[in-house]
Amino acid sequence: MASLVTCVVSSLSFCVCSASASLLHACCGNDKPSTVAPSATSGRKRSVVLLLLSVALSLAFQYGVGPAILQSSSSPINVAEFVTNAWTDGCTQFSYDIDLQESCVGNMGVFRVGFATIVFFTLAGVGSWCKPTMNREAWPAKYVLYFLLVAAMSFVPNDPLFSKVYLNQARIGGVLFIFLQQVIIVDCAHNWNDSWVAKANKADAEELGAGKKWLGAILCSCAILFIGSFVGIVLMFVGFSECRTNMGFIASTLCLCVLVTVTQLLGEEGSLLSSASVSAWAVYLLYNAVTKNPNEVCNPMLGQSGGLSIALGLIITLMSLGWTGWSYTAEARLTPSHAATSDTTEAASETEKETFGKRKVVGVVTGETESTGNEDDYVRAQESQDENEAEDAKHGGLSTSWRLNAILVVVTCWTSMILTRWGDISTDGSVANPSVGSVAMWMIMTSQWLALLLYTWTLAAPKLFPERDFT
């Protein structure tokens, strides 16, 4: 009987271990065979999952581990004196205010996770530079390495690595990301209009008048964006106009949106859809800025820290930061020429398929061997093309596969700054809205002004320098 039980237990253990290994390999293993040449986005899903994990750990360290360690330092039973001293290093200057000291320790917890994440992505970038397939290999070991890095950072004192070195580095990376973000937003606004206009022209070329639906879609989108922007500004005038700072932000946003739209209408550059898109983005940034105002008089949403708001705040924070990491590591972001190349390749592929299809039908109808010969030629041509593409991708991977990690390093810097109000030691933020603070508010408004300035430059530059090509 005992041997039977042992046999059953052993069989069940083997099944459980095999299933666990298969699940682990499916979630964290290689995404493609090593024989397939890597692209610029190899390992993208697992990298963004790790970025999301770093955000969750940052919030846990900021609002859970940090305050717990600070409380343990004043209790008779100290968890680990060395760890406590490391976490409170440099924060004792705020001992006169326990809330400020807790904010300092919490920020240092975010910096610990952020620094470990940057080290991980930097090592991954170097590895993918040397070996292009590294981004999609050995992910179980990579996750273990990441957790070990985070655990090791818990024993490192705050000063100078986190409170000075990493803080300044993350601020520079965060500013760089904001600049890139505004450039991409303005570029997307132009590309959206160009894409729909091109589709309208193509439809008209195929059938006269068929492109009107695309032009109608452009006008409807413009109306929705402009109306939404106007309604948003009115609502913010009603709800966030109790102080001069917010009033200045709202009034400047309205004036600048009108200015860029009028500038676009008076010139030949740009389009109404791009102006509407940039205006809507500016209003969105305005809302983010006024809700980050630490003044309770100016911000009626401040202090809403109930259970529902905490849950919603955590979900929104994780989703927004996760989407940022996912969208800014897309193929089009890492390889700008990918879209054009894909379109050309797809068109060529369709042409080849049509040609091959015609040859095949001719051969079948006549009963000759032309089909076999053409089919063999087609297969050989396809094999040769696949080999050339794989070889090109293999060599190109040395210069593109590391870009994924470089983008994620910059996003991590920006994430650390968002969660810590750009390193500001204050009691304004909460787990429901961790980025509340005057520094965060001004950074968001600065990014809005930068976006509007960049868009205005795209409208004015061709007129100021007519001899230069800005296409």
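**Note on the cavity and the cores**

1. α2, α4 and α14 each put at least two residues into the lining of the largest cavity, and α14 gives the most, with four residues. Helices here are DSSP runs (H or I, at least four residues), numbered from the N terminus. Bear in mind that this is a predicted model, with local features needing pLDDT of at least 70, side-chain atom pairs counting only at pLDDT 80 or more, and totals for chains, interfaces and linings using all residues. Residues are numbered from 1 along each chain as its sequence is written, and side-chain values use heavy atoms, with hydrogens and water left out.

2. The volume of the largest cavity is about 60 Å³, and the count comes to one cavity of 30 Å³ or more. A cavity is a set of points on a 1 Å grid over the protein atoms alone where a 1.4 Å probe fits but cannot get out; lining residues have an atom within 4 Å of a point. Points are joined across faces, edges and corners, and the volume is the space filled by probe spheres set on them.

3. Who lines it? Among the lining residues are Ser54, Ser58, Thr117, Thr412, Thr415 and Ser416. The lining divides into three nonpolar, seven polar and no charged residues, with Gly counted as polar.

4. On to the largest nonpolar core: of its 44 residues, Leu50, Phe111, Phe120, Tyr146 and Val150 touch the most other members. Its members are buried residues joined through side-chain atoms within 4.5 Å, buried being under 20% relative accessible area with a 1.4 Å probe, protein chains only. The largest share of this core, 11 residues, comes from α4.

Notes
Buried < 20%, exposed > 50% of the residue type's maximum accessible area, 1.4 Å probe, protein only. 1 Å grid on protein atoms, 1.4 Å probe; cavity = no way out; pocket = protein on both sides within 12 Å on 5 of 7 lines; lining within 4 Å.
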